[in-house]
Every structure is written in structure tokens, then in C-alpha cells.
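Dear colleague,

I am passing on a structure for you to look at, and below it I set out what was found in the side chains. Please read the notes with the model open.

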Amino acid sequence: MVTRCASYVRGRVMRVTRLDGCGRPIYGDCSTVTTDGFVSVGYTANTDEGEEINVQNAAGERCIYEPAIPSFLGYTVEVTFCNVDPDLFAMMTGQRVITDAFGDVVGFTMDTSVSTRDSAFALEVWAGAPNAGACETEGAQGSFGYILLPFLQGGIIGDFTIENAEVTFTVSGAATRDGNSWGVGPYDVVLGADSLPAPLPDPLTATDHLYVIQTGVAPPESQCGCRPLLDPAG
């Protein structure tokens, strides 16, 4: 067994997949969006700092001491976009899209009656991973970093400003949670034993919040609007 190390540089593409309340991909005509129209993806670790035990005796000397041990709870994500894709924003926030007289999706809303608990999504992000020997692997399309958060809820469109400059929108507040049902995923994102694109080599557990690997499979192409997702079992 060989350990392969890599450095990740620059975001390439991100993909959002619509999930149900149990963290399972929802298969259908509008289930996934892929885009390169983002500026940054910020991952903030959520922790429980624990409780320190520090007891002094009557002489004022330390009698009992147990340091606090932090516990990992998950991640909160903030994504800043330089491109407005209404389908993508609706998928991350649970809000509805606006259609014009021709039935084309042209915008989105932020409605206070919509609960952020009613929508869930998975987030995949690809980065560059320069590796001089990457193309020596049969079937490799390059060298890429692949970062997956398999179960997120709670996205909200954050603050934005209209001014004499670029206008960016931010989706914040989305947090990972236990209970994902991603398994090996519905996509081919790694090279399999036959050097062809294949699903993840091992299924995620229900308490996995972050999955990071190096892969030789290129990210999908950016496209405006949602796309169908078919059940690979079918």
C-alpha cells in the first residue's frame, strides 16, 4: 500500500445534489446543478469545547484537574457566488424559483414561510492537485482534489450590496448533520480497478461529515440550471 500526498490549489467546479430528509439523493428531472461560477467555499468546523474540571483544595492548591476535550460536531459552509443560478440557489435554500411567461427560470425568492429544515443537499467541490506522476496512472484525466460534504441543511441567501462594483451573492448557514445516506454516491468520481470512472471506493458511514480524496477523474462540466439525476441502480 502506498500513501499519495497532494497539495490542492484553486477551486475548479462545484456540484450540488438535492437530498431528501434522510440524506438520500432525490432522482428526477431537476436534481443536480454543476457550476464554476463561485468565488469561494468556506468550511467552518463546529465543535463542543467540553468542560474543564479544576478543583483546588483548602490550601488553594490544585487538587483535581482534567482539561476540556473538544468534540467535533460538523461543518458550516459559506459559498460566495459570482454567477446567479436560480436553480442552484433554490436547491441550497429550499426557496422557490421564478419563471417568466415562457416557462424559463429567471430568478428566485426569499420567503420567510420557508423552513430551512425542509431542504437538504450534498456539496462536492473539485480543486486542482498538481502531481507530476498523475498521468502515469492508466485512465487518469489529470490530478484533482475532491471534497464532499454529504448532508447539509439550512442554507440562506446572506447579505449583498448593489454598487459600482461586482455583485456577489452568498449562501451561508448550511450545516452538516449526522445520518447521511450517500453511500458510494450516484456519480463516477474516481478511477476503479479497471481504470474506468467509478463511484467512491468505500461507502460513507452515517456519521461522516467530510470526505477528501485525490482523484484522476476530471470534474463535470459547468452548466446553467438543474439537470436530471438517474438512479444508478436502475
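A charge is taken to sit over a ring if NZ of Lys or CZ of Arg is within 6 Å of the ring centre and within 35 degrees of the ring normal. By that criterion Arg62 lies over the face of Tyr65, at 4.2 Å from the ring centre, and Arg15 lies over the face of Tyr187, at 3.4 Å from the ring centre.

On provenance, this is a predicted model, in which local features need pLDDT of at least 70 and side-chain atom pairs count only at pLDDT 80 or more, while totals for chains, interfaces and linings use all residues. Residues are numbered from 1 along each chain as its sequence is written, and side-chain values use heavy atoms, with hydrogens and water left out.

Arg15 is found in strand 1 (residues 9-19), where strands (E, at least two residues) and helices (H or I, at least four) are DSSP runs numbered from the N terminus. With a relative accessible area of 8%, Arg15 is buried (under 20%; exposed is over 50%, and partly exposed in between, with a 1.4 Å probe and protein chains only). Its side chain is joined to that of Glu124 by a polar contact of 2.8 Å, meaning a pair of N or O atoms within 3.5 Å, of which, within protein, one must be able to donate a hydrogen and the other to accept it, with residues adjacent in sequence counting only if both atoms are side-chain atoms.

Ser143, in the loop between strand 9 (120-128) and strand 10 (144-153), is likewise buried, at 12% relative accessibility. A polar atom of the Ser143 side chain lies 2.5 Å from the backbone oxygen of Ala129, and the side chain of Ser143 also makes a polar contact with the side chain of Gln214 (3.0 Å).

Turning to the aromatic residues, rings of Phe, Tyr and Trp (its six-membered ring) pair if their centres lie within 6.5 Å, and planes under 30 degrees apart count as stacked, over 60 as edge-to-face and the rest as tilted. By this rule the count comes to 8 aromatic pairs. The rings of Phe89 and Phe108 have centres 5.2 Å apart and planes at 80°, so this pair is edge-to-face; it links distant parts of the chain, with Phe89 in helix 1 (residues 86-93) and Phe108 in strand 8 (residues 105-108), 19 residues apart. Phe89 is buried at 0% relative accessibility, whereas Phe108 is partly exposed at 22%. Phe160 and Phe169 form a tilted pair, 4.7 Å centre to centre with 40° between the planes. Ring pairs link Phe81, Phe89, Phe108, Phe160 and Phe169 into a cluster.
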